[in-house]
Amino acid sequence: MEIYHKDGTFPRYCEGVRKTLDDNEFNKFAQLTSNEERFRFVNGLRSIVDELQLKREYNGKGMEQATALKTLGNKAFQAERWNDALVFYNKCYVSTPKENGMFCSAVSQEENAGPVHPNLIAIVQEKSIILANRSAALYHLEKYDLALRDIQRALAHQYPNQMMYKLTERKARCFLAKKDYEAALECFRATVTALDDANLPLERRQKLECDAQIMINLLPKNIELERKNKKKSSSKANQQDAGQRTKVPDNFLEKALWFDETSDEGRFARTNTDLKPNTILLLERPHVSVLLEDYSLDHCTHCFKRVSVPIACPLCADVVFCSDECEAKANATYHRYECGFLPILWGSGASITCHMALRMITQKSEEYFMKLKPELAGLTNEQIDNLPVDDYRKVYKLVTHESTRSPEDFFQRTLMATLLNACLTLGGYRACPQEQNYIGGLLVHNLQLLQFNAHEVSEMIRDTVEDIGKSTFIGGGLYPTLALFNHSCDPGVTRYYRGNQVCVRTVKNIPADSMVAENYGPLFTQVRRDERRDTLLNQYRFTCQCVPCVENWPLFTEMDPGVIRFRCDGGKICSNVLIIPAAVNDFMVKCTECGEHTNIMKGLKSLQDTDMLFKTATRLHSTGEYEAALRKYVEMMETMSEVLVPPYRDYHLCQQGLRACMLEFGNRYTKAVAKK
């Protein structure tokens with residue numbers, strides 16, 4: 001991943017600054033040996049920092065814009081176009097400005113401190129009405145839990161007392177639809193009370209009160225019946241749900257994996273036992289993750305979950321959240337410092353790795369990094385392995401290839417670090433100005449390690465349900481354990497994402513004591529060896545020595561379907577491949593290496609079985625039965641692994657089927673339902 005895109009302001013800025021340095025000055029920079037020294041040198045060029053002229057910009061929010069969007073939402077609602085109404089209310093809510101320089105949750109605290117400006121109350125109540133309107137659209141869309149969430153948020157924003165009956169009655173209807181009769185009864189009673197403050201015509205008020213009273217009289221019978229039914233079915237339900245309620249862990253590492261280290265390969269994953277296809281090896285939350293700008297308003301900026309009913313940042317219109325919990329976590333840490341600077345980062349052309357480098361700092365306090373300073377240089381693998389994923393020490397020692405970098409590379413990254421550091425300073429992050437060179441040095445370090453260790457987070461996006469779909473890059477993440485996996489052009493695993501959590505599964509049999517490799521980009525089935533090696537050398541600074549590269553395996557389209565590559569029956573003592581024409585007549589073949597005879601009739605019969613399995617798996621996949629399809633692909637893969645040696649067309653078709661099924665368990669989104 002590069003540090004900037006050519007269409008932003010930073011490349012021109014970087015070029016201009018570089019031209020201001022004469023050869024003597026740049027040579028001084030080139031002689032520096034630490035990131036902290038490099039940062040001190042570049043940041044000391046005052047004209048550079050002054051030229052940045054950064055300031056927070058809160059664009060996209062305004063009452064005029066919000067009011068116009070609310071009007072459109074109301075019109076769509078009145079026409080019973082619930083989805084359209086929801087879209088307009090979402091945009092309206094995100095566009096509503098923050099109240100008088102403080103968060104909504106702080107309004108009640110300000111009331112206790114003294115009088116509140118009328119404009120503040122007006123904006124707070126306007127936001128509450130917008131949330132209430134959105135809850136109505138959600139109710140009609142039968143999204144009752146989301147409607148209840150918006151109702152609670154509307155109440156927290158001082159929803160007007162004279163309109164309170166609307167919310168309590170809607171809340172009651174939501175609980176009624178969810179068959180939570182006790183909660184519904186309580187809300188219908190609250191509706192009757194709220195009608196006392198309602199400014200309604202007498203006839204309308206009496207009608208609402210009558211409807212509520214009818215439900216108040218009916219619901220106790222439903223509650224009693226529900227209690228009896230619950231007693232009868234509780235034990236059975238508990239047994240049925242026991243397996244379904246298993247919580248997916250945030251972080252999990254297969255116990256068969258361990259991490260070896262050599263001078264040539266660095267640290268890498270190995271297995272101490274035979275691994276079968278479809279084994280989950282790793283579940284990992286990121287140390288840091290960042291969304292791309294294009295997905296910042298339809299995915300939660302904290303967990304990457306796609307959001308249909310967003311919770312907005314009170315200050316900016318640049319990000320959204322999926323829940324109050326995610327909003328609270330983000331605003332308590334990184335977003336409070338990044339808020340207002342995201343348009344600057346996006347406009348500069350800074351790559352997602354730059355944003356990640358900044359967030360690696362902003363998600364922790366300055367005091368946290370100051371405490372780590374004495375021990376960072378002396379960290380050992382034994383210390384790192386047992387640390388939690390959010391500990392900075394967990395990622396600090398990841399490879400940076402610092403010794404192979406050019407002075408120009410260092411200069412560009414250090415200059416980018418001054419931009420990120422200016423955001424920190426103006427955002428109020430720094431409490432200790434004299435330590436800015438230390439934090440700046442960490443920014444330079446982060447920019448280096450992210451280049452080789454960050455992963456693209458993806459989502460399977462389809463135009464219609466019938467579309468095959470495309471794996472789309474939506475953000476980036478740094479996964480400390482996954483970063484240790486080495487590359488192969490014929491990887492043993494595939495990865496997919498649930499939100500920003502990565503899941504790594506095997507896609508073939510991996511024998512004990514083997515390396516467990518993932519793929520950094522090019523697959524041997526799609527890209528020729530020379531191109532693969534050039535790409536990997538340029539991006540990751542190594543010459544690939546995986547089996548497909550060493551043996552120069554053919555592309556998938558060039559594999560000969562008229563030849564079958566059988567495994568010798570000599571077992572572990574012989575690894576020879578028996579290359580047999582598909583139309584062979586002699587079914588006992590002698591190995592030229594070990595002298596053993598192999599009965600290929602057994603292998604041919606197995607291949608007939610795999611043909612049927614492949615057809616069944618493909619059909620199940622096409623009908624959305626992904627778990628069943630996956631089981632068939634696994635059975636096919638295990639059968640072929642007993643008799644065949646890759647590269648072989650059917651073997652790699654099966655692998656592709658495995659990968660395609662696994663992607664269905666990760667992030668996925670269909671834009672529109674296909675027309676029948």
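Which residue of β9 does glutamate 456 stand opposite? Glutamate 456 stands opposite glycine 476 in β9, where strands, like helices, are DSSP runs numbered from the N terminus (E, at least two residues, for strands; H or I, at least four, for helices).

This is a predicted model, in which local features need pLDDT of at least 70 and side-chain atom pairs count only at pLDDT 80 or more, while totals for chains, interfaces and linings use all residues. Residues are numbered from 1 along each chain as its sequence is written, and side-chain values use heavy atoms, with hydrogens and water left out.

**The mixed sheet**

Strand β9 (residues 470-478) belongs to an open sheet of 4 strands, ordered β5-β9-β8-β16 with mixed pairing, two strands being paired if DSSP finds at least two bridges between them. The edge strands β5 and β16 (668-670) each pair on one side only, and the twist from one strand to the next averages 35°. Within this sheet, β8 (residues 454-462) and β9 run antiparallel and are joined by 8 bridges, with alanine 454 having leucine 478 as its bridge partner in β9. The pairing of β5 with β9 is also antiparallel, over 4 bridges, and here valine 290 stands opposite glycine 476.

Helix α16 (residues 352-362) lies across β5, β8 and β9 at about 135° to β5, whereas helix α21 (residues 436-453) lies across β8 and β9 at about 50° to β8; the axes are lines fitted to C-alpha atoms, for helices over the stretch in contact, and angles run from 0 to 180 degrees between N-to-C directions.

**The antiparallel sheet**

Another open sheet of 4 strands has the order β1-β4-β11-β10, with antiparallel pairing. Because β1 (252-253) and β10 (493-498) stand at the edges with a single partner strand each, one side of each is left without a neighbour in the sheet. Helix α26 (residues 649-663) packs on this sheet, touching β10 and β11 (501-506), and its direction makes about 15° with that of β10.

On a 1 Å grid over the protein atoms alone, a cavity is a set of points where a 1.4 Å probe fits but cannot get out, and a pocket is an open set with protein on both sides within 12 Å along at least five of seven lines; lining residues have an atom within 4 Å of a point. Grid points are joined across faces, edges and corners, and a volume is the space filled by probe spheres set on the points. The table classes lining residues as nonpolar (Ala, Val, Leu, Ile, Met, Phe, Trp, Tyr, Cys and Pro), charged (Asp, Glu, Lys and Arg) or polar (the others, Gly among them).

| Space | Volume | Lining by class |
|---|---|---|
| Second largest pocket | About 690 Å³ | 7 nonpolar, 9 polar, 8 charged residues |
| Largest cavity | About 50 Å³ | 5 nonpolar, 3 polar, 1 charged residues |
| Second largest cavity | About 40 Å³ | 4 nonpolar, 4 polar, 1 charged residues |

Of the 24 residues lining the second largest pocket, Arg285, Pro286, His302, Lys329 and Asn500 are the closest to its centre, and α13 gives the most to this lining, with 3 residues. The lining of the largest cavity includes Val290, Leu291, His355 and Arg359, and β5, α15 (342-348) and α16 each give it two or more residues. In the second largest cavity, β8 gives the most to the lining, with 3 residues.

Technical notes
Contact means heavy atoms within 4.5 Å.
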